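Please look over the sequence and the model shown here before reading the report that follows.

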Amino acid sequence: LTLTTDFGADGPYVAAIKGVVLGLAPRTQVVDVSHAIAPQDIAEGSFLLAGIVDYFPGGTVHLAVVDPGVGTERRLIVVEVGGQWFVLPDNGLIGGVLRGRDPSGIWEIRNPEIRLPNVSSTFHGRDILAPAAAHLLRGGKPADLGPPLTRIVLLSSLEPAEDENGLIGEVVYLDSFGNLITNIPRDRLGAAGPSGWSVHVLDRTIDRLTRTYAESSPGTLVSLIGSSNRVEVAVVNGDAARSLKAGRGTPVFLRRRRESLT
Amino acid sequence: LTLTTDFGADGPYVAAIKGVVLGLAPRTQVVDVSHAIAPQDIAEGSFLLAGIVDYFPGGTVHLAVVDPGVGTERRLIVVEVGGQWFVLPDNGLIGGVLRGRDPSGIWEIRNPEIRLPNVSSTFHGRDILAPAAAHLLRGGKPADLGPPLTRIVLLSSLEPAEDENGLIGEVVYLDSFGNLITNIPRDRLGAAGPSGWSVHVLDRTIDRLTRTYAESSPGTLVSLIGSSNRVEVAVVNGDAARSLKAGRGTPVFLRRRRESLT
Amino acid sequence: LTLTTDFGADGPYVAAIKGVVLGLAPRTQVVDVSHAIAPQDIAEGSFLLAGIVDYFPGGTVHLAVVDPGVGTERRLIVVEVGGQWFVLPDNGLIGGVLRGRDPSGIWEIRNPEIRLPNVSSTFHGRDILAPAAAHLLRGGKPADLGPPLTRIVLLSSLEPAEDENGLIGEVVYLDSFGNLITNIPRDRLGAAGPSGWSVHVLDRTIDRLTRTYAESSPGTLVSLIGSSNRVEVAVVNGDAARSLKAGRGTPVFLRRRRESLT
């Protein structure tokens, strides 16, 4: 089981979810992905889930709660992708994972018997999603949770835009080193590949994408395809966010270079 | 095993406790509740423990360390409540859990054979409490740890006060959304129930308690019975702590409404 | 398995490492030591590892990543110490653990078959170290990972200096209480022991080392041998870092007292 929420790591909310799951499925291995997502920031949650899915084994259940609509009619869903399960609100949070991956099934979570006896109006993560995740972890069928769905919410705003000069993306994640990670994946770079583009952030230009941090001397501003397979902007052994005064939402432009050097 | 401390999550203290427990009871499932309790803040620790106990299965051992008296003569105790165990200093930290729940046994932790060979004077959590918790996790009897007790420390300061106009509580916890959670539990609202009260925080008045965040439009200041069964004050999709400049210790008044609307 | 990194707890990096390990060695118990090490701060990582090793059982694998040289020719190594394993870059990070402990074996991690199929140039923790750790956790031999080594990198800068007046150390770790923990271990205090020294930090003098926080009244500035067996400076029930405006790197001097009082 992985957990990805905007609850803050330090409090009763995350622990209560774990208590519910471990009460129902005692041998579960629990991995915290993040509980520090900016409150109600679906784009950040979507990025984090997409960044880890390739590293977890089949049968993993990913429980994610970034849920501005708690208490409204938004649905709760289970999505099966490549033998892993995602248990989350139907608000676009699954979008990053489905980029380049097809779901093999989607179900609504609706069965009133697979939830806590008293469902609060503010904390469906604990009261509905945790029992649903435990059901899957114990080998239960997703169809027990509710009917299959064919349409779910996807947000086009998570993809970079394109114009005649190149790609227009933005910073979606700031890591602990101050590296700026964008929403521009490697496969949007086309036939030219990484060497075919220059990168523009605020008033700074980076002539081309490099392969590794250590190619350049400390303090240099570089751009590269990071470990999450997306364009990122970094200062070698430094903090790009602080140096550039950039953060989540800062626009990042990729422009085609006249002459591509390999 | 759950862990609730004021040690900070990132450091050698929490890891050392886990190492000691896992060395003695290798199959233990460990859940971190919080390590970000304000240093030596017994009220906050007490609130957190009370908020999770209902969601953990029988047999769970809760190890909690908020211990301003480490190195003094304060006692270390085990409290059994509803089939769960609490291992902590005898300084009031257990108070929130015992609200509405009767302990089925209390023991002092005193056995010099169930502790690390070298007990430091500053870190009893690792040297005494962790081995005691491991003893219980392995099915050991609490009476092996020391003699039964009939009196422990409870702090009256954790309960809301009452006067002729209503209840006088305070904010005891600030969650990651900026919601202000008070020490006023639902059962203090009496026969009138949630609809019978107005809420007063600093210079703001909230006419009545609502049922869910989503009933009101974004930005509205609301008050409701939150997922921890206490009165809380929130801004819908916003941050009440920042909007009101309120925090832990801010007084919250509940006054009886002339006419109750359901 | 323990994890000690400078990645930040909240993000895809730590979760991806755990996913890789749990995919290969599903029953592993994972303990986070810290992910909040200052970026690329080898001294802090070294201190943390040294502080926990005595509390973990034989067979524990400690995976540590503080790796300014990722992408360069620095080696990745496995070190066996007292029946535990350390999997980390060869950059001095193991130094604190080897203080007073002899390694029983060192190997380079080089086997191209024990790593992820696609090794990124920026994230060897996930792509090389995690599979190596999983190999050991499953009972694999370290010699499968690569050839034995006889020389590794050790940094003399982690030890306190000495002059005619006494010892010159520095603060290497700031805990959540604001206690200042130095790089001066108990065994450097010589025959005089703790009572033989006065402590000097910034413009403040502490006449002698005390045994426990609770010996002095709240607010007093004290120095003592802390739970990590090093000299630390604290304010009783207060925050020494804030009171003194001190932090990592602040020099701490120990001077011999004329007359030692026991």
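## Contacts between the chains

The contact between chain B and chain A takes 26 residues from chain B and 30 residues from chain A, where contact means heavy atoms within 4.5 Å. Tyr55(B), Phe177(B) and Ser227(B) supply 27% of the area that chain B buries against chain A, more than any other three residues. The model is a predicted one, in which local features need pLDDT of at least 70 and side-chain atom pairs count only at pLDDT 80 or more, while totals for chains, interfaces and linings use all residues. Residues are numbered from 1 along each chain as its sequence is written, chains are lettered from A and ligands numbered from 1 in the order in which they are written, and side-chain values use heavy atoms, with hydrogens and water left out.

The size of an interface is often given as the accessible area lost when the parts come together. Buried area is here the accessible area (1.4 Å probe) that two parts lose on being put together, summed over both.

| Pair | Buried area | Share on carbon and sulfur atoms |
|---|---|---|
| Chain B and chain A | about 2,300 Å² | 59% |
| Chain A and chain C | about 2,300 Å² | 59% |

## Chain A as a whole

Chain A has five helices and 14 strands, counted as DSSP runs (H or I, at least four residues, for helices; E, at least two, for strands) and numbered from the N terminus. Of the 262 residues of chain A, 60% count as buried, which stands for under 20% relative accessible area, with exposed over 50% and partly exposed in between (1.4 Å probe, protein chains only).

## Leu155(C)

Leu155(C) sits in the loop between α4 (124–137) and β7 (161–163) of chain C, and its relative accessible area of 32% makes Leu155(C) partly exposed. Apart from neighbours within four places in sequence, Leu155(C) is in contact with Ile42(C), Asn91(C) and Gly92(C). The C-alpha atoms of Leu155(C) and Val14(C), 141 residues apart along the chain, are separated by 26 Å.
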